[in-house]
Amino acid sequence: MGTVLINGRVVTPEETIECDIRIENEVIESMGKNLIKENDKVIDVKGAYILPGAIDTHTHFDLDTGTTFTADNFETGTKAAIVGGTTTILDFATQNKGESLEEALNNWHKKAQYKAYCDYGFHMAITDWNEKVSKDMQLMIDEGVTSFKMYMAYKNLMVKDREIYEALVRSKEIGGLIGFHCENGDIIDALVDNAKKNHKTKPYYHFKTRPACLESEAINRLASIGEVAKAPVWIVHLSTEMGLKEIKKARAKGVEVVLESCPQYLLLDNSYYGKETDESFEAAKYVMSPPLRGKNDNEALWEGIRNGDIDFLGTDHCSFNYKGQKDLGIDDFSKIPNGGPGVEHRVYLMYTYGVCEGKISINDMSRLVSTNAAKNFGLYPKKGIIQVGSDADLVVLNPNTETIITKDKQTQNVDYTPYEGFKRKGSIEHVFLRGNEVVKDENFIDNSPIGLYQRRNVRNFD
């Protein structure tokens, strides 16, 4: 017995095709017309788009910051993901100082196993570089963790330039990919210390102490190290026009740069931090790193998407409640937990403000939120594409509705959304995870965590 979706508009990276899809044994068994067999379940999705399940390349669930935990764990975060059309997330397993990569991976498996409502994989964040860690990167590849991360900011996480070089050389040897948080952490720390010495403690100063030039400087430095190491680099959550210019320069010199951005850097800007004279703490909702930038940066990144400069969009979902968590920094902006929610709304935001406003096509959107991520992170063609033999991760989007995004109608386990009041065009009528219908009309129909760990291959575009 299978399931057949009829009368839909199937979205591929290149075109949109009117055809039916038959699902059996968790995969796409056939595509075309006249596919129905005896005892099949038939679902008429006339007029709707059928998209490949989205892949979020950048989440932080159940993360211990040292002072608090993220508001979303793997249960609540993956529920929010799949309600919003994301069927696979890639979370950052993070090595603590003195810990092996194997210990870090085991910690994250314990956090996620039997709790995930969508499929999931891990990147491995390296914070303590040494010979054993270098050796154990191969172990991570063997365990299906084929991507890593290093931080160029945050005192307790950041690594040195020599360590970046050594890690890139090692990643090239084993076929891995390392992502980098690109900001000059030492200078940011100096700016933060100076602001606090001058009693500048409001959330407004979060973005004032993280100027755009410190992102572009870090990108330039990283690209130079990548050039010497002859290794690809992945830049996570790009936020600035200046940074994009540095990436284009590096690519012109032959450096392979994989590029991610996020909806907040396309749709929100630094006006959300208010003015220096404001007394409201509301700006704390937008304390994330990199911070929100100028409208010129928004437009430059949209142009980067149109030109194919940006490969895919994650969310950097790292949620903290406004009340009870963000207010830990009410007297000191540097103590505000750093991050914001977004995993639930990414597909809708890109459809509403990208496709419906004519900035990108529905096919472009599919590449940005699904296909390119699958290719770069070793999930393709199992995921990220609608074709025979691929996992039946399918999202049925009805384009003919419009509502408003609000915290009161979200699944994310957090008391606000940075997109409060934003228009939301379309509605997700069905979500299939490996052929199992888990969401219908934006509601769960089977409240069981059936998400599975995805062992990933090294990058291969053949």
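Which residue of strand 5 does Glu-24 stand opposite? Glu-24 faces Val-27 there, and some notes on the rest of the model follow.

1. A word on the basis. This is a predicted model, in which local features need pLDDT of at least 70 and side-chain atom pairs count only at pLDDT 80 or more, while totals for chains, interfaces and linings use all residues. Residues are numbered from 1 along each chain as its sequence is written, and side-chain values use heavy atoms, with hydrogens and water left out.

2. Strand 4 (residues 20-24) pairs with strand 5 (residues 27-32) in the antiparallel sense, over five bridges. Helices (H or I, at least four residues) and strands (E, at least two) are DSSP runs, numbered from the N terminus, and two strands pair if DSSP finds at least two bridges between them. Two residues lie between the strands of this hairpin, and Asn-25 takes a positive phi near 55°.

3. Seven strands are arranged in the order 3-2-7-16-17-18-19, with mixed pairing. Strand 3 (16-18) and strand 19 (443-444) are the edges, each pairing on one side only. Within the sheet, strand 17 (residues 423-433) and strand 18 (residues 436-440) run antiparallel and are joined by four bridges; Phe-432 stands opposite Glu-437 of strand 18.

4. The cores. A nonpolar core here is a set of buried Ala, Val, Leu, Ile, Met, Phe, Trp, Tyr and Cys residues joined through side-chain atoms within 4.5 Å. Buried means under 20% relative accessible area and exposed over 50%, with partly exposed in between (1.4 Å probe, protein chains only). The largest core has 115 residues, and Phe-122, Met-124, Leu-168, Phe-180 and Met-365 have the most contacts inside it. Apart from it lies another core of 15 residues, including Cys-19, Ile-21, Ala-48 and Leu-394.

5. Helix 3. In this helix (residues 131-142), Val-133, Ser-134, Asp-136, Met-137, Met-140 and Ile-141 are the buried residues. Seen down the helix axis, they fall within an arc of 165°, so they line one face of helix 3; the arc is that of the directions from the axis to the C-beta atoms. Exposed Glu-131 and Lys-135 sit on the face turned away from the buried side. Among the elements covering the buried residues are helix 2 (101-112), strand 10 (119-125) and helix 4 (161-174), where contact means heavy atoms within 4.5 Å.

6. Just after helix 3, Gly-144 takes a positive phi of about 85°.
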